Amino acid sequence: THPPDSIMAYKVGVLLLATYAGAEATDKFDGVLRANGQGRMDAYLKPPFVSNHASMVEQLPNGALTMAWFSGTKEGADDVSIVYAHMDDTKAEEGAAWSSAKVVSRREGYSNQNAVLFYDNTSSKLHLFHSQQGANAGESKATVWHLQAPVAEGAVGDFDSAKEVFSHPGAFDKNRLVPLLDGS
């Protein structure tokens with residue numbers, strides 16, 4: 001038996017970036033889910049840049065998985081971007097594949113970190129929040145930025161441009177958004 005999809009998203013997504021960080025890309029970096037013989041499925045994505053960190057997976061209502069993380073030469077560097085990939089298959093099962101990662105937020109002279117995904121079922125939008133700081137300047141002046149993409153029939157459209165939403169110096173996002181019981 002398979003665990004519920006929400007657990008499957010966790011079992012698949014958490015190790016995607018952890019398994020290839022610092023590894024040399026080979027033919028098996030094709031994004032395809034494969035059983036590892038230990039009750040877990042692994043997928044190796046070709047990293048867009050050398051350093052990859054802090055992934056977050058969000059499951060859409062139809063079961064499709066989305067994932068965002070930061071990627072660049074090293075944490076804090078000028079080229080650190082937020083990248084995004086998705087799995088169109090509605091079931092995370094052997095043979096399903098992740099898309100290639102694409103850059104969705106990058107700003108010259110700045111470093112982006114800590115992508116937080118949130119699907120809003122009232123607006124059918126996938127929200128992506130992340131922190132941004134001056135390159136090699138540390139987190140004390142970081143601010144929080146937001147992008148969103150429409151979701152129709154489980155397919156995620158293009159993300160809009162990132163906009164600063166919390167400008168208090170030292171602002172930092174990291175954890176999943178949890179709506180209040182009243183839906184706000």
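Student: How many bridges are there between β8 and β9, and in which sense do they pair?

Tutor: In this predicted model, β8 and β9 are joined over eight bridges, and the pairing is antiparallel.

Student: What else does β9 pair with, say β11?

Tutor: With β11, which covers residues 163–166, β9 pairs over three bridges in the antiparallel sense, and there W145 has E164 in β11 as its bridge partner. Strand β10, residues 155–156, is also joined to β9, by two bridges and again running antiparallel, with V156 in β10 as the bridge partner of V151.

Student: And how many residues lie between β9 and β10?

Tutor: There are two residues between them, and the two strands form a hairpin; E153, which sits in the turn, has a positive phi of about 55 degrees.

Student: Is β9 mostly covered or mostly open?

Tutor: It is mostly covered, in that seven of the 10 residues of β9 are buried.

Student: OK, switching to the core: how many residues are in the largest nonpolar one, and which have the most contacts inside it?

Tutor: The largest nonpolar core holds 21 residues, and those with the most contacts inside it are I82, V104, L117, L126, L128 and F159. The elements that contribute two or more residues to this core are β3 (51–59), β4 (65–72), β5 (81–87), β7 (110–120), β8 (125–134) and β9 (143–152).

Student: Which of them gives the most?

Tutor: That is β7, which gives four residues to this core.

Student: What is the strand order in the open sheet of four strands?

Tutor: The order is β3-β4-β5-β6, with antiparallel pairing, and the edge strands, each pairing on one side only, are β3 and β6 (102–105). From one strand to the next, the twist averages 35 degrees.

Student: How many bridges join β5 to β6?

Tutor: Three bridges join β5 to β6, and these strands run antiparallel; within β6, K102 is the residue that stands opposite Y84.

Terms used
Residues are numbered from 1 along each chain as its sequence is written. This is a predicted model: local features need pLDDT of at least 70, side-chain atom pairs count only at pLDDT 80 or more; totals for chains, interfaces and linings use all residues. Side-chain values use heavy atoms; hydrogens and water are left out. A nonpolar core is a set of buried Ala, Val, Leu, Ile, Met, Phe, Trp, Tyr and Cys residues joined through side-chain atoms within 4.5 Å. Buried means under 20% relative accessible area, exposed over 50%, partly exposed in between (1.4 Å probe, protein chains only). Two strands pair if DSSP finds at least two bridges between them. Axes are lines fitted to C-alpha atoms, for helices over the stretch in contact, and angles run from 0 to 180 degrees between N-to-C directions.
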